[in-house]
There are 2 protein chains.
Amino acid sequence: MKNEPRMIEVRKNVLKANDVIAHALRDRFRAAGVFVVSLVSSPGSGKTAFLEKTLTLLRQNYSVAALVGDLATENDAVRLARSQAPVKQIVTGTVCHLEAAMVEKALADWDLDQLDFLFVENVGNLVCPSSYDLGENLRIVLMSVTEGEDKPLKYPTIFNSADAGVITKIDLAKVVEFDESAALANIQAVRPGMLVFTVSAKTGLGTENFLDYLRSRRAVSQENAIA
Amino acid sequence: MKNEPRMIEVRKNVLKANDVIAHALRDRFRAAGVFVVSLVSSPGSGKTAFLEKTLTLLRQNYSVAALVGDLATENDAVRLARSQAPVKQIVTGTVCHLEAAMVEKALADWDLDQLDFLFVENVGNLVCPSSYDLGENLRIVLMSVTEGEDKPLKYPTIFNSADAGVITKIDLAKVVEFDESAALANIQAVRPGMLVFTVSAKTGLGTENFLDYLRSRRAVSQENAIA
């Protein structure tokens, strides 16, 4: 289509503008000493259930909060609020991803100095969020055992843009005949060396390993900030 | 962001160009007497398994074919080819949806007069495909029981742009504690009167009802073409 070249040019400008804001956010997060973790996945992969579990466990020892992106509803914020952590919903309308400007706006009246961890749950989408830096320290890509082992091969960009992977709903692995070694091999094919956690928000399996990872990554990040 | 208004203007032009091609495709489909059905859903909802089942059963009495969109692999085309129907993969790269021009290009060397049904499986995405008319007669939105009952409320646009809904993997309903009446109520809240089929590609449950629907919709469409 003849409009495409112009479309791409404009999109590059939007992405560049996003990077400027993401950079400023990253500086602000570092200054406040808050460790920021974003979550991306398909709709229905269990991001919200996993995040609720994570918030509930972490807030026993840390000050935690979350932003959650969605097209139309505030349901996720209501669910996450059960963890007792401060939560704010970002309603994107028809936009298929979060952008740094949305995060910046949502945080306008928050005192980041008070936080140890901030989580940002993206809109459910395995394509669009990969292009938008949100200034986060870590990006986690989730896939559930019910989606099939082939998802990393079919959506390589999002796996490449993430720092670690989480396989969710592992309690359902047997009943859906999930082939864990095939899924892990597919992740490694796309993103060699990627750290992958296997968890169940329902039974709690694997959650502690993931929390250890977050705590150690936060500690390293703070040492780097001091050095 | 100051680039946004220009972005939106360009996007409108792209959509308008898409509509022109979709309109031409629709005329071509009508002239050839082929009934075109597109499928949209999240990644991992079971579009490909359901389509393989549909192609296998329909081709006993009809001439059927399929196009399948994906970011990176040709895996789906390989799976669908097991149905013995002609299948072509459209690899979209980083584009999160199919566009009418991609369908037009993929069909360039196909003789549509030979076909009764053509299926078009979109990229796994509950957001972006909703904006792009592909010239299809019917658009079907699928959601699996493993994704949660709230998906219609969270992704209303795609449910609004579809003609009928399919709830997949119903064999897993019990184990994932799927609340079917809540899911149906959420669909009706977003799209009152929407016809919804409940199916399992694994057991075959519900498939025949869906095939009856396709056959009757095709018959009506042919009567209208003659009238």
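The model shown is predicted.

**Figure 1. Chain A as a whole.** Chain A of this predicted model contains eight helices and seven strands. Its radius of gyration is 17 Å, close to the 17 Å from the globule rule for 227 residues, so chain A is as compact as a globular protein of that length. The C-alpha trace of chain A spans about 55 × 45 × 40 Å along its principal axes. Buried residues make up 55% of the 227 in chain A. Among contacts in chain A with a separation of 6 or more, 73% join residues 24 or more positions apart. The mean pLDDT of chain A is 94, and 95% of the residues score at least 70. For the complex, the predictor reports an ipTM of 0.87 and a pTM of 0.91.

**Figure 2. Surface and charge of chain A.** About 9,300 Å² of chain A is accessible surface, and carbon and sulfur atoms account for 51% of that area. Chain A carries 25 positive and 28 negative side chains. The centres of these two sets are 3 Å apart.

Figure 3. The relative accessible area of S42(A) is 0%; buried means under 20%, so S42(A) counts as buried. Apart from neighbours within four places in sequence, its contacts are K47(A), G124(A), N125(A), L126(A) and E147(A), together with P43(B). V145(A) is 103 residues from S42(A) along the chain, and the two C-alpha atoms are 12 Å apart.

Figure 4. In chain A, Q84(A) lies in the loop between α3 (75–81) and β3 (87–91). Q84(A) has a relative accessible area of 59% and is exposed, because exposed means over 50%. From Q84(A) to L55(A) the C-alpha distance is 8.3 Å, across 29 residues of sequence. In chain B, Q84(B) is likewise placed in the loop between α3 (75–81) and β3 (87–91). Q84(B) is exposed, at a relative accessible area of 58%. The phi of Q84(B) is positive, at about 75°, although the residue is not a glycine. Most residues other than glycine have a negative phi.

Figure 5. E177(B) is found in the loop of chain B between β6 (164–168) and α7 (180–190). E177(B) is not a glycine, yet its phi is positive, near 55°. The relative accessibility of E177(B) is 56%, and the residue counts as exposed.

**Figure 6. A108(B), an exposed residue between a helix and a strand.** The loop that holds A108(B) runs between α4 (100–106) and β4 (117–121) of chain B. With a relative accessible area of 62%, A108(B) is exposed. G33(B) is 75 residues from A108(B) in sequence, and the C-alpha to C-alpha distance between them is 17 Å.

**Figure 7. S221(B), a partly exposed helix residue.** S221(B) is part of helix α8 (residues 207–226) of chain B. S221(B) has a relative accessibility of 25% and counts as partly exposed, because that class covers values between the buried limit of 20% and the exposed limit of 50%. Once neighbours within four places in sequence are set aside, S221(B) is in contact with F35(B) and N137(B). The C-alpha atoms of S221(B) and N137(B) are 8.4 Å apart, although 84 residues separate the two along the chain.

Methods: Residues are numbered from 1 along each chain as its sequence is written. Chains are lettered from A and ligands numbered from 1 in the order in which they are written. This is a predicted model: local features need pLDDT of at least 70, side-chain atom pairs count only at pLDDT 80 or more; totals for chains, interfaces and linings use all residues. Side-chain values use heavy atoms; hydrogens and water are left out. pLDDT is the predictor's confidence in each residue, from 0 to 100. Helices (H or I, at least four residues) and strands (E, at least two) are DSSP runs, numbered from the N terminus. The radius of gyration is taken over C-alpha atoms; the globule rule is 2.2 Å times the number of residues to the power 0.38. Buried means under 20% relative accessible area, exposed over 50%, partly exposed in between (1.4 Å probe, protein chains only). Contact means heavy atoms within 4.5 Å. Accessible areas come from the Shrake-Rupley method with a 1.4 Å probe; for residues, only the protein chains shown count as cover. Lys and Arg count as positive and Asp and Glu as negative; His and the chain ends are not counted. The place of a charge is taken as NZ of Lys, CZ of Arg, CG of Asp or CD of Glu.
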